[in-house]
Structures are given as structure tokens and as C-alpha cells.
Amino acid sequence: TGADFTNPYYCRLELVTFGYCTTGLRIHSAYNFNLFGPIFGTCPTAIHIATGPSQSLSIFGGSIEGYGPAGGILVDAAASVSHINVYGTYFETLTANAVGIDASAMTSRGLITLRGCRVYLNEMVSWLKMGSSAATVIADGNIFSCAITSTTTPVGFSIGSATGKLVIDER
């Protein structure tokens, strides 16, 4: 693990690079955790929200690349996350069957906001994977691309049996 935070309150990390580790950043019971321009490269899991409750993880810019099937951002079932906000962040991986944001274990009535991101779906199964969460998802202004040589059939959003609200305005 590149960095492991337990009970961080009002944490702000700027221009930090995480690379070549199993998990780039692991967060336990965070409150108002902000990342500005982070670079995650070649970490099977870039960000793991491990235990909770966690309130408000926000990512502004930067890139999340080289992650694996566990997820670029992985929300653990024990995390009880209230808000995940991702703005203008670049996502790309060359690992087959990868998931950009795996919130399938998210059980709280949280909010996931995805705005202005650039997403290369090349080998992904999906960018956002939801399970049976009652979370609300707001996504707009994201740009998706996929190489014709991709070995998967990726989708931007895999919602599953989620019971929350979904507001998507992608063009």
C-alpha cells in the first residue's frame, strides 16, 4: 500500500503520485478527504475505501491508470460511504476485465457524482459498477472512448439492481 489513512479528518493531498503498489491509497473512516491532481499508475487498486463510516471522498483532476479487476476506486462493504465526487479525472487501464469505480458493495444511501471525466473503456467491463445500493448517481459531461481492438465489451455504467436515483446526461 502506498499510503494508509485511518480517521483522517479534513485531509487534503495535492499532486501526489502513487505507483507500482498493490493499493495506491487505502482510507478508513475518512471525513472530507480531498485529492487534487493525484496520479495513480500501475496499482491493481488505486483507491480502496476500506472501512467506515466515510464521508465525502472528492477527487479533482489527475489520473487513475493501470488498475485491475478489483477497481480503480473500490468501495468496501464495510465502508458506509456517503459521498464520492470525481471531477475532471482521467481513467484508463490496459488490464482486461477492469472496473473503473466499483461501488457494488456500497449499501448506504450515498451520492456518487461523476463530472467532466475522460474515460478510456478499452479493457474495462464498466466504468461505474453498482450493486443493490440505494445511492444516487449523477453523471454529466464525461467523455468515453474505446479502441476498436478492445478485448472486452465495455459499458460506461453497470447499475445492477440499484434502487437509488440515476441522473445521466452524457453526450
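Arginine 115 and aspartate 140 form a salt bridge, with their closest N and O atoms 3.0 Å apart. A salt bridge here is a side-chain nitrogen of Lys or Arg within 4 Å of a carboxyl oxygen of Asp or Glu. The pair links distant parts of the chain: arginine 115 sits in strand β14 (residues 111-115), aspartate 140 in strand β17 (residues 136-140), 25 residues apart. Strands (E, at least two residues) are DSSP runs, numbered from the N terminus. Arginine 115 is partly exposed at 34% relative accessible area. Aspartate 140 is also partly exposed, at 25%. The cut-offs are these: buried means under 20% relative accessible area, exposed over 50%, and partly exposed in between (1.4 Å probe, protein chains only).

This is a predicted model: local features need pLDDT of at least 70, side-chain atom pairs count only at pLDDT 80 or more, and totals for chains, interfaces and linings use all residues. Residues are numbered from 1 along each chain as its sequence is written, and side-chain values use heavy atoms, with hydrogens and water left out.

The structure holds 3 salt bridges. Another of them joins arginine 26 to aspartate 4, with the closest N and O atoms 3.9 Å apart. Arginine 26 lies in strand β4 (residues 23-28) and aspartate 4 in strand β1 (residues 3-6), so this pair ties together parts that are 22 residues apart in sequence. Aspartate 4 is partly exposed, at 45%. Glutamate 14 and arginine 12 also meet in a salt bridge, at 2.5 Å from N to O. Here glutamate 14 is partly exposed at 44%, while arginine 12 is exposed at 52%.

Now return to strand β14, which also holds isoleucine 112. Isoleucine 112 is buried, at 0% relative accessibility. Its C-alpha atom is separated by 6.2 Å from that of threonine 136, which is 24 residues away along the chain. Beyond four places in sequence, isoleucine 112 touches Ile84, Ala103, Met106, Leu128, Met130, Thr136, Val137 and Ile138. Contact means heavy atoms within 4.5 Å.

Next comes the interior. In soluble globular proteins, nonpolar side chains tend to be buried together. The largest nonpolar core in this model has 43 residues. Such a core is a set of buried Ala, Val, Leu, Ile, Met, Phe, Trp, Tyr and Cys residues joined through side-chain atoms within 4.5 Å. Ile47, Phe91 and Trp127 have the most contacts inside it. Strand β16 (residues 124-130) gives the largest share of this core, 4 residues. Leaving aside neighbours within four places in sequence, isoleucine 47 has contacts that include Leu25, Ile27, Leu35, Phe40 and Leu57.

Threonine 93 is buried too, at 1% relative accessibility. It lies in the loop between β12 (90-92) and β13 (98-103). Its side chain reaches the backbone oxygen of tyrosine 67 at 2.6 Å. A polar atom of that side chain also lies 3.2 Å from the backbone nitrogen of threonine 95. Among the residues in contact with threonine 93, beyond four places in sequence, are Gly66, Ala98 and Asn122.

Tyrosine 10, in strand β2 (residues 9-14), is exposed, with a relative accessible area of 57%.

Notes:
A polar contact is a pair of N or O atoms within 3.5 Å; within protein, one must be able to donate a hydrogen and the other to accept it, and residues adjacent in sequence count only if both atoms are side-chain atoms.
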